[in-house]
Amino acid sequence: MRQFLFLPTVTGLLCCLWAGASVADQGQPVPVVEIDSGFAYDYLNQVRTAAGLIPFVGDDRLQQAANSHSRYLVVNRAQGHYQSRGLPEHSGYSAAERVILADYPTSAVTENVSIASKDDATVKQSIDGLMSAIYHRLGFLSFTNDEVGISIMSGNDYSAFTYKMGNQGQADLCLGNNYLQPGRYYQGMCVDTDKRIQAENWESSESVIARQNPSLVLWPPPNHPDISPAFDHENPDPLPDYGVSGYPVSVQFNPEIGDNIEIERFVLLDEQYQAVTPTRILDQKTDPNGVLSNREFVLFPLHRLQWDSLYRVELVYRFNGKLYTHNWSFRTSDPGLPMFTIQESYQVIRVASGEPFLVYLPPLSPSDIGTSYQTHYQSTLRKPEIEPIDANTLSVRLTGQGSIWITSHRRTFEVQVF
């Protein structure tokens with residue numbers, strides 16, 4: 001059962017590297033607002049249907065368990081899947097404990113979590129960020145889960161998004177009779193940990209869902225117009241030697257089709273049909289965390305992709321001795337504002353007063369990631385409005401006339417405002 005921790009970065013979304021951070025003043029109650037999750041259900045199912053998968057059905061018990069965890073995370077400004085006993089709003093150490101306490105019949109669930117160090121983070125930022133993190137993506141694109149509970153809580157200048165996914169057939173099996181006959185069985189999967197479920201029935205519950213889904217899932221899907229150009233971080237980290245890289249391309253094969261799959265060619269091409277290099281392909285043998293199955297394959301561009309650019313994927317694989325080919329394309333996001341790229345150690349740009357723009361500082365090394373910046377500006381300018389939108393891109397709006405000097409990523413650029 002996959003339970004991973006996600007850490008997108010500068011849009012305010014953070015990953016859960018540890019849990020149990022407490023509020024600054026435990027004596028004061030923290031007001032928590034529950035945000036309507038209707039759009040989150042819709043948007044997550046848009047993601048699944050874009051990949052060709054059946055949509056998730058909402059489950060109130062899974063949502064109740066998700067609510068309890070989101071509330072805990074906000075009140076304690078905490079991260080992760082695990083709760084520390086004794087802290088406010090503790091509702092079970094693990095995701096498995098929390099769903100059982102919410103009367104969900106089985107502990108066989110998966111959980112995705114993202115947090116944001118601000119109150120106004122959006123569902124789209126959360127889900128898109130989790131989809132850029134490969135292990136979390138695989139949880140959302142499950143072939144065998146068919147229901148979900150989603151919770152969004154905000155307060156304490158913090159937001160938490162919790163997604164709990166399960167299989168309705170397996171939950172129903174835990175409400176059925178105890179299997180006491182000779183043969184294979186599963187035990188420890190239900191509220192009653194001594195209860196036995198016939199293995200054939202348990203596995204059939206997954207197969208029933210898998211057979212409703214396609215034999216192959218590609219992400220980004222063909223012709224997708226809005227893909228992030230970068231991947232920042234995830235825990236566990238699929239690229240431990242890179243702080244920032246390009247958005248990963250993944251291929252998943254339905255478990256119902258079998259295991260005899262060999263990848264012959266898996267490449268990413270830019271708009272000029274030139275191979276994007278360098279790249280790294282992760283599979284069951286090369287995944288540094290041992291998470292990927294023998295039916296999951298990931299291509300990582302080791303450098304960020306370009307904004308608003310078309311990319312093509314060429315995939316050739318052999319299945320049961322027969323060769324198959326899939327070629328498709330996707331486009332990275334259009335940031336929607338004028339963008340200046342800072343290549344030099346000192347650079348001058350000119351902008352109109354009050355007009356927002358973006359500044360992109362390409363990474364100087366695999367570890368060149370972060371959202372910090374320093375400013376110095378003339379008194380003829382109002383206080384600058386600057387917000388990081390990813391680890392290498394700043395959104396800027398300046399009002400008045402004069403110059404401002406901004407230093408970030410070991411580069412300084414002067415903005416002359418007229």
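Two strands count as paired if DSSP finds at least two bridges between them, and I take helices (H or I, at least four residues) and strands (E, at least two) as DSSP runs numbered from the N terminus. The model is a predicted one, so I keep local features to pLDDT of at least 70 and side-chain atom pairs to pLDDT 80 or more, while totals for chains, interfaces and linings use all residues. Residues are numbered from 1 along each chain as its sequence is written, and side-chain values use heavy atoms, with hydrogens and water left out.

**Entry 1: the antiparallel sheet**

I looked up the strand order first. It reads E10-E15-E18-E17, an open sheet of four strands with antiparallel pairing. E10 (216-219) and E17 (279-282) are the edges; each has a single partner strand, so one side of each has no neighbour in the sheet. I get an average twist of 10° from one strand to the next, with axes as lines fitted to C-alpha atoms (for helices over the stretch in contact) and angles from 0 to 180 degrees between N-to-C directions.

Then I checked how E17 is held. Four bridges join E17 to E18 (residues 296-301), and the two run antiparallel. Ile281 has Leu299 as its bridge partner in E18.

**Entry 2: the mixed sheet**

Another open sheet of four strands has the order E11-E20-E19-E16, and here the pairing is mixed. Its edge strands are E11 (224-227) and E16 (261-269), each pairing on one side only. The twist averages 30° from one strand to the next.

E16 and E19 (residues 310-319) run antiparallel and are joined by eight bridges. I noted one partner: Leu269 bridges to Arg312 in E19.

**Entry 3: cores**

For a nonpolar core I use a set of buried Ala, Val, Leu, Ile, Met, Phe, Trp, Tyr and Cys residues joined through side-chain atoms within 4.5 Å. Buried means under 20% relative accessible area, exposed over 50%, and partly exposed in between (1.4 Å probe, protein chains only).

Which residues have the most contacts inside the largest core? They are Ile127 and Leu268, in a core of 46 residues. I listed what Leu268 touches (contact: heavy atoms within 4.5 Å), leaving out residues up to four places away in sequence: among them are Val249, Leu299, Pro301, Tyr311, Arg312 and Phe330.

**Entry 4: rings**

My rule: rings of Phe, Tyr and Trp (its six-membered ring) pair if their centres lie within 6.5 Å; planes under 30 degrees apart are stacked, over 60 edge-to-face, and the rest tilted. That gives ten aromatic pairs.

Tyr186 and Trp202 have ring centres 5.9 Å apart and planes at 35°, so I log the pair as tilted. The two belong to distant parts of the chain, 16 residues apart: Tyr186 is in strand E8 (residues 185-187) and Trp202 in helix H7 (residues 199-210). Tyr186 is partly exposed at 27% relative accessibility, whereas Trp202 is buried at 4%.

Phe253 and Phe297 make an edge-to-face pair, 6.0 Å centre to centre with 85° between the planes. Phe253 is in E15 (residues 249-253) and Phe297 in E18, so the pair ties together parts 44 residues apart in sequence. Both Phe253 and Phe297 are buried.

The charged end of Arg48 sits over the ring of Phe56, 4.0 Å from its centre.

Most residues other than glycine have a negative phi, and most peptide bonds are trans. I went looking for exceptions.

Where are the cis bonds? One joins Asn235 and Pro236, with omega about 5°; Pro236 is in the loop between E13 (234-235) and E14 (245-246). Another runs from Thr277 to Pro278, omega near -10°, with Pro278 in the loop between E16 and E17.

Asp157 has a positive phi, near 55°. I place Asp157 in the loop between E6 (147-155) and E7 (158-166), partly exposed at 46% relative accessible area. Asp308 also has a positive phi, about 45°. Asp308 is in the loop between E18 and E19 and is partly exposed at 35%.

Terms used:
A charge sits over a ring if NZ of Lys or CZ of Arg is within 6 Å of the ring centre and within 35 degrees of the ring normal.
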